[in-house]
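Visitor: Could you walk me through one part of this structure?
Guide: Gladly, let us look at it together.

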Amino acid sequence: DETEFDDRSLLMNDDGEGRIQFRNHKLYGRDQELKLLKEIYYRGNRISKDDEENDTDTYEISAVNQSQIVFLGGYSGTGKSALVDEFMSQLLKDRYHENDRHPIIYMQGKFGTIKAGDPFAAISQACNQYLMQLVLADDDDDERVEDLLDRLQDADIYAGSENYQVLMETITPALEFLLLKFDPASVDRQESTPAEQMASGKKSNMAGGISGDFNVIKFAFSRFLKALATPTSPVVLFIDDLQWADSASVQLLTYTLKDTSLKNVMFIGAYRSNEVDEDHSFAKMKTELRESLAPPSSSLEWSDSDAKVVPASSPVQEIQLSNLSPDHVAELIADCLEKDARDMAIVTEAVYTKTLGNVFFVKQALEALVRKNAIYYDVMTFEWQVVENVSKIELQKNYLSNDVVSMVQSKLETLPPTLQLALSVAAYTKNAVTLKLLLSLLKPKEALILEQNHDELSLNLLEKLMKLALMEGLVLYEKASSVENKSFKFAHDRIREAACEAIPIGAERDQFLLDIANVLLELSEDSEKKDEDWMMFTAVRHLNAIPDQMTDVVDVSTLNLKVGKLAVSKGAFDDALVFFKAAKGRLNMQRAWTEQYDLTLELHNSTAESESALGNHENAMNEASEIFQKARSLPDKVRAQSTYIESLCELNKEDYDVWTTKAVEILSLHDIDLPASPSYAQLRNEVIKFMIALRGRSIFCLTKFPIATVDDKEAVVSSITIANVVLRRAVVNTRMFLAGMLAYRILRIALTQKIVTKDLFTVVWSLTFTFRKQEKYNSAFAYSTVGSILRDRFPEENGKEYIVPRVAPIAVSSYQVPYRNTIEPWLELHKLLMARGMIEVGLACAMFAIYAHFCASLPLNTLLESKLILFEEMSRDLGRDMFMELFLLLRQCLYNLHGHQRASSRPLELDGPVFSETRALENFEGAALKSITRD
């Protein structure tokens, strides 16, 4: 698609004579589509049409308000990317953007035909390229960057923040370079940046949180995009080739674009319509966005053209590009050959019959005719000529291939051998390749290149060869600060495909991929490299494509495990499963449990956890069951037991007895014998045993015990770990007697063994709520304090299960300090939990902050109203209908208490224009109905 704009027009010199010169920045047959894109961009603003005679539109306002989504479909080669490029070119030239200090922010990324990139590759490419533009920009742009940093700060994206670390590790590592230039002190304050942690192989503090919940990444990216886009600097985000998008990217885009609070953003997603069926993840994304963002039937918008109200347009639009008409093909050929279209009628008919008007195919056909001298440049007359007495049939039969890839391959065969080799190597990496990287990848072929060129492999040689590729229209260059950082990309995916096919299938291609993989692995281990995860992903994918006998099976399986875990850390569980299964497929599972026990155990545990995270709970339980059979010791089964219990609970949400029976059975294996449904008397008996174990000491004695190590207390640590898993599930499912017995039993074990573990502070905090419910506030405060002290002894534990209990100290303090003093802590905790993807608890903290505002008798002003509306929108966008109703209820209370015009007819009735008790109760059933009725 990109080659509809051809860089060879920039090379008009003697070298260019005899080559087809495609008109730069001229589109054929796309006027209507361009007009439609501009109308969508300016939707919601006043559009006046004048000068009917010249058929021009005057757009009065430049900023996008309501975010718009355009899906651009069409076959490969129809010019989708070129259409977007021209659209942006016209938009940026608009007189309302000239000399504007806040230009449109244009970000573009592309998924590759070879899954070379790690998860979110195209999204990351789009964001990082823009951020690096800011880093390399002139000093004149400093004020604009400072404004952006202020907005990022307001969005809780700054050095050291949760959102910053998540984005650094997954999507926007270039944020670090931006801060290093404009706010270096903030980066220096960190002991080490996430990028450095990744480069050095250290485990990031965020790893647990990210792998625990994909919502972490979704939430952070959504805040990042909202911070970028403003009315004066709207964002146009173009993602190409969505048919090759990984599942994690599709989920991220769906979540972000569904958010109705996302403003001033235009998203354009291009895809090959013939490669997306109804079961494709991208097709499901389109359907979900259309349904969720469909305007209500009652929505209206103003139309200046008709001077009347008309139904509101959907923010989700689709444009399908078809091939060019014969007339437009004739125009293209006439322009290229600088001839009258009538003189080129035979050529046009032959080309159109062969290509059916596909832009890319048309250009390749023209170049094929030139290579085979059916069309030639007459140096005597300085014009293009068609060979005499040739018919349309002869042109089609003797000069044109039926397959566009074959045409490109025939073109590649005319190039110098070293250039052919370089293009093939580049084709098996990521979309844009620097000359420096290409130089490294070609090192294994250095002897062959010396023989071919009588010249050593060097950057100068590669630059010379790539200039030839540019002249031939095979690649496009991207700007760079130095020769080694010059990067290029293929002008079209069909060219890349042809370069791949140039290496014959079989032993030659296998060795070719092995050489590339080895170089990429070596480069990825360079501690100075940052943002090079794609090298590891690409290398392992290449290794998985070649026969086992060419590699070390154990080494490749270990690499698959490593890359799979890296995918998990980015929330890409689907991709992770591909690597885990590839590793297991290479190992002989009959012998692996004996010969490669640790590797096999880790593979099965990782597979089970990823299946569970994706909701494939039966698959997760099957993986766990195999571990139950093959693991050598009970502690080795703990992770699998945890996964099994979590999945079993998810599968039996309405039948608690099923999972509690199995959970109690697993606990008994760890010498923790409990009834599945304990009575109050049994709970009371457990409390007495705990008090005896305490021996008159304060609960603060736990803070003096040493941390247990797996080596010394493996069985005890394992039993506490699995008991804590069951405890958390029991609390979530309101099995409070079982939860209470487990909490006291775990504490009794800790007291008896005189140890603490990383799970102990969550147990202590769980009892905080029990004491609070019993109105034993002194005990609640004591246990909350002990939990906080224990929590501080495990700073590396930052996962989901270790952050939720932070609610306990604030909840308890609300009974000991003025309500107004708890509002900010609740809101801070809300931000932290939302950033970590803990939506339910995060929204609950926001609700508690509002409760505290009411209880503190603070002013019932517009500030409180705006917070309530913000939380309502957040709940709606996240699909948390119950929380949305609760915030609506609180806003109705606000209006009733304030005597607002939106108050209910009677102040004590919750049935006003904002919240209707009758409607709310009709929308829920089962446990949800009980909860909303209680609230």
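Visitor: How many bridges join β5 to strand β6, and do they run parallel or antiparallel?
Guide: There are 5 bridges joining β5 to β6 (residues 265-272), and the two run parallel; strands pair if DSSP finds at least two bridges between them. Strands (E, at least two residues) and helices (H or I, at least four) are DSSP runs, numbered from the N terminus. This is a predicted model, in which local features need pLDDT of at least 70 and side-chain atom pairs count only at pLDDT 80 or more, while totals for chains, interfaces and linings use all residues. Residues are numbered from 1 along each chain as its sequence is written, and side-chain values use heavy atoms, with hydrogens and water left out.

Visitor: Which residue of β6 does V236 stand opposite?
Guide: V236 stands opposite M266.

Visitor: And what about strand β4?
Guide: Strand β4 (residues 105-110) is joined to β5 by 6 bridges, again as a parallel pair, and Q108 stands opposite F238 in β5.

Visitor: Is β5 buried or exposed?
Guide: β5 (residues 235-240) is mostly covered, with 6 of its 6 residues buried, where buried means under 20% relative accessible area, exposed over 50% and partly exposed in between (1.4 Å probe, protein chains only).

Visitor: Which residues sit on each side of β5?
Guide: V235, L237 and I239 lie on one side and V236, F238 and D240 on the other, and all are buried. In a regular strand the side chains alternate between the two faces of the sheet.

Visitor: New topic: how many disulfides are there?
Guide: A search of the whole structure finds 0 disulfides, a disulfide being a pair of cysteine sulfur atoms within 2.5 Å.
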